[in-house]
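This briefing is meant for a reader meeting the structure for the first time. Please look over the sequence and the model before going on to the points below.

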Amino acid sequence: MEKASDQLEKLDVPDDVEINTSNKGVNISFRRTVAFEQDSAELTEKAKTALKKMLPIIGQMQNDIEISGHTDESDSNKKYPSNWELSSNRASTVVRFFISNGMKKNRLRAIGYADTQPKLPNRDASGAPIPDNMIANRRIILRINRQPIYEEIRLPKFRRKEGDKKSNKTQIN
């Protein structure tokens with residue numbers, strides 16, 4: 001995990017992409033306008049370029065990846081009735097990007113947090129908006145988990161003896 005973190009940190013990505021390691025895994029935060037414009041769930045070209053650079057490293061790992069979408073308190077609009085839809089759509093956009101680039105879908109999880117987990121306060125003590133903080137709160141976080149988030153389901157194989165085959169005929173009593 002630390003080796004992957006070191007490799008990711010050496011990549012030439014925008015300054016607003018922060019990579020660090022925690023006890024849960026490697027966290028990659030796309031801050032400010034690197035990932036999305038306000039009111040949008042469409043990845044910016046900067047974000048696509050950075051994600052493509054990360055794919056060879058992330059793709060070879062077997063760890064699960066949790067993508068969380070975050071908004072500032074003013075992001076909802078006519079297209080997205082609330083920040084829940086917008087943040088979920090942002091996370092899902094990244095999941096779709098990874099899948100379209102060959103990543104297995106069972107390794108991925110998309111979560112929308114709306115504006116419930118701001119990195120910085122959206123407003124000052126008098127209630128006035130803090131534009132730079134609001135931009136910082138509009139982000140996605142990729143966490144490459146140390147532990148699996150999904151367990152692969154192994155279905156048992158049932159075998160019938162030759163004489164136990166069921167008939168397709170329905171019996172009427």
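This is a predicted model: local features need pLDDT of at least 70, side-chain atom pairs count only at pLDDT 80 or more; totals for chains, interfaces and linings use all residues.

**The nonpolar core**
- The largest nonpolar core is made up of 32 residues, and those with the most contacts inside it are Ile28, Phe30, Phe98 and Leu142.
- Two or more residues of this core come from each of α1 (2–9), β1 (17–21), β2 (25–30), α2 (45–60), β3 (65–70), α3 (83–100) and β5 (139–145), and the largest share, seven residues, is given by α2.
- Once its neighbours within four places in sequence are left aside, Ile28 is in contact with Leu8, Val17, Glu18, Ile19, Met54, Ile58, Ile140, Ile141, Leu142 and Ile144.

**Asn27 in strand β2**
- Asn27, which lies in strand β2, has a relative accessible area of 18% and is therefore buried, the cut-off being under 20%.
- The side chain of Asn27 makes a polar contact of 3.3 Å with the side chain of Ser22, and, not counting residues up to four places away in sequence, Asn27 touches Glu18, Ile19, Asn20, Ser22, Leu142 and Arg143.

**Helix α3**
- Helix α3 has 18 residues and reaches 25 Å from its first C-alpha to its last, which is close to the 26 Å expected at 1.5 Å a residue.
- The N-terminal end of α3 is capped by Ser82, of which a side-chain oxygen lies 3.2 Å from the backbone nitrogen of Trp84, while Gly102, just after the helix, takes a positive phi of about 95 degrees.
- Among the buried residues of α3 are Leu86, Val94, Phe97 and Phe98, and the cover over the buried residues of this helix includes α2, β3, β4 (108–112) and β5.

Technical notes. Residues are numbered from 1 along each chain as its sequence is written. Side-chain values use heavy atoms; hydrogens and water are left out. A nonpolar core is a set of buried Ala, Val, Leu, Ile, Met, Phe, Trp, Tyr and Cys residues joined through side-chain atoms within 4.5 Å. Buried means under 20% relative accessible area, exposed over 50%, partly exposed in between (1.4 Å probe, protein chains only). Helices (H or I, at least four residues) and strands (E, at least two) are DSSP runs, numbered from the N terminus. Contact means heavy atoms within 4.5 Å. A polar contact is a pair of N or O atoms within 3.5 Å; within protein, one must be able to donate a hydrogen and the other to accept it, and residues adjacent in sequence count only if both atoms are side-chain atoms. The expected span of a helix is 1.5 Å times one less than its number of residues.
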